[in-house]
Amino acid sequence: MIIGGYERECVQVYASIRKNVLEETLTLLGVEKLSIDEVGRMKWEDLEVKISKWNQRMKVCVRALLASEKHLCESVFANAPVSVACSCFNELGKGPMMQLLSFGEAVAISRRSPEKLFKILDMYETIRDLLPDIKDTFCGEACAPLRADVEAILARLGECAKRTFGEFEIAIQRDGSRIPVPGGGVHPLTKYVMNYIKFMCDYSDTMKLLFDEKEYDLDDEGGNESSREGSFRDGSLRDSPRYSSRSNDGERGGSTELSTLGTQTIWVTKVLLSNLEEKSKLYRDLSLTYLFLMNNIHYIVQKVKTTEVRAVVGDDWVRKNTSQVRQYASSYQRAAWGKILSCLRDEGIHTGGGFSSGVSKPVLKERFKSFNAAFEEVQKAQTSWVIQDDQLRDELRIAISDKILPAYRSFLGRYGHYMETQRHPERYIKYTSEHVEEFLNNLFEIHSPSLSSRDLRRRSSHHGSSHHGEASGRTLCSSSDEAIIMYSAV
C-alpha cells in the first residue's frame, strides 16, 4: 500500500486495528477513563487506592505495553520511511498516554488537603522516573506535543505538592481544639504533625528539588502574612527561617546553611509550637502549663533526633529546642514545688533571729502544717499528670527528688523532735521522708494512685517511722507504644 501511494490509508488501517488491541489491553490492566469532575468528586479513600494502582499501571504501560507497541510498529514499517513508523506510533500511543496523564492532571487540579501530599509525591516521582523512557519511546518531531504535555503535568503535580504542603501549615495554624489533653500529655496535633513531617522526609530529595526550583511563598494561598504570624511568649515569629535560609547558633556564633525544605520544615514546627502555646493556656494550673509544653516539645525533639528529619532541620535546631525542654522543666519545678521548698526554710522559726537561739513552736507548727497542706495539694493535683517518655520522666523525678528530699530530711532532722514532744505529733509530721520519696518515685505514671496521708500512715507500719531513711529506689513504668494518629481536626 505504501509503495502504491496509499501510505496514509495504510497507517490508518494499521492504527485502527492496533488501537482496539491497546484499548482492550488497557481495560485488562484496569486503566479507567475518569473525567476531571469524577476525580474531583471522589472520596479520598477511593482516590488513594486509584492513585496507587495508577502508579503501577503507568510503569507497565510506558515500559512494557507502549515500548513493545513501538517496537512492533517499527518492525511492520521497517521498509518504509522512518517518519511513517513515527507518525503511526504517535497516532497509536497518544491516546493511551493521554488517558493515563489525564488522571494525573485531574489529581493535580483537585481540591488540596494535607493528607494528599504523599500520594501526589508518588505520582510526581512516577512520572519523573519515567520521563527518560517516555522521551525515548515518544521521540521525533511528531511526538513533541505529547512530550510537552508530560512535562507540563509533571510540573503541575510538583506545584500541587508544594501548595498541599502549604495547606498542611494552614491547617495546623487553624486548629482550634479547646479540650486540654488530660495530665498535660502529648497533644494529638503534635503527634500528627511530627509523623507527617517524618513521612515527608522520606521524600526529602524530591521535596528539596521542588522547593529549590523557586522560592515558595504562601502569601498567594488565600491568606496574608500577618494571619500566619501568631505569637510566642517571647515575641513574634519574625525570626522564623521563613525569612532566612540560615540557622543561627547563638552559643557558637556560627550558622548553618539550610535547604529551602529545611526552612519550610522549621517554619511548620514554629507554627505548631505557636498553636501549642495557645493550647497550654487552657490549663488553669501554671505548673501543668509548663509540663504540657515540656512534654510536647520533648516529643517534637525526639521525633526529629531519631528520624531523617534531623538532617533536614539541622543540629542547631535540635540544640535550641532541647534547651527549651530544659527551660520548661525548670519552670515546672519552680511553679509546682517552690511553695513546698519555701515551707522548709529556717527563716522566721528561731525566736532570736539566729540559728543558735530558741525555736518558736507556734511558727514551727504552722510551718509543718503548711508543708503538709502544700504536699497534699501537689498530690491531689499531680496524681493524674503524665510524662509518657521513660527517660524524661525519670530525669524529672530525680531532679525533683534531689531538691525536695534533702530539704525535707534536713528539716525533719533539725525540727522533728520539737513536734514529737507535743500532743498529737501526727498532726504536724504526717509524712516521713520515705513516704515523700515513695510519692516522688511514682510521679507522672500513666495510672499512679494518689497516696493519702492515711495510706502513707498505714504503709509506715511496714517501712518504719524513721525520718532519716535512705532512698528506697525508683520504679519506672514503660510508656505504651505510640500509634500514628491522623488528627481529625487537620
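Figure 1. Of the chain's 490 residues, 48% count as buried (under 20% relative accessible area; exposed is over 50%, partly exposed in between; 1.4 Å probe, protein chains only). The model is predicted: local features need pLDDT of at least 70, side-chain atom pairs count only at pLDDT 80 or more, and totals for chains, interfaces and linings use all residues. Residues are numbered from 1 along each chain as its sequence is written, and side-chain values use heavy atoms, leaving out hydrogens and water. The chain holds 16 helices and 2 strands (DSSP runs numbered from the N terminus: helices are H or I, at least four residues; strands are E, at least two).

**Figure 2. Arg-18 and Glu-69 form a salt bridge.** Their closest N and O atoms are 2.8 Å apart. A salt bridge here is a side-chain nitrogen of Lys or Arg within 4 Å of a carboxyl oxygen of Asp or Glu. By this rule the count is 20. Arg-18 sits in helix α1 (residues 7–29) and Glu-69 in helix α3 (residues 44–76), 51 residues apart. Glu-69 is buried, at 4% relative accessible area.

**Figure 3. Glu-74 pairs with Lys-70 in a salt bridge.** The closest N and O atoms lie 4.0 Å apart. Both residues belong to helix α3, 4 residues apart, so about one helical turn separates them. Glu-74 is partly exposed at 40%. Lys-70 is buried at 14%.

**Figure 4. Glu-377 and Lys-339 form a salt bridge.** Here the closest N and O atoms are 3.6 Å apart. Glu-377 is partly exposed at 47%; Lys-339 is exposed at 53%.
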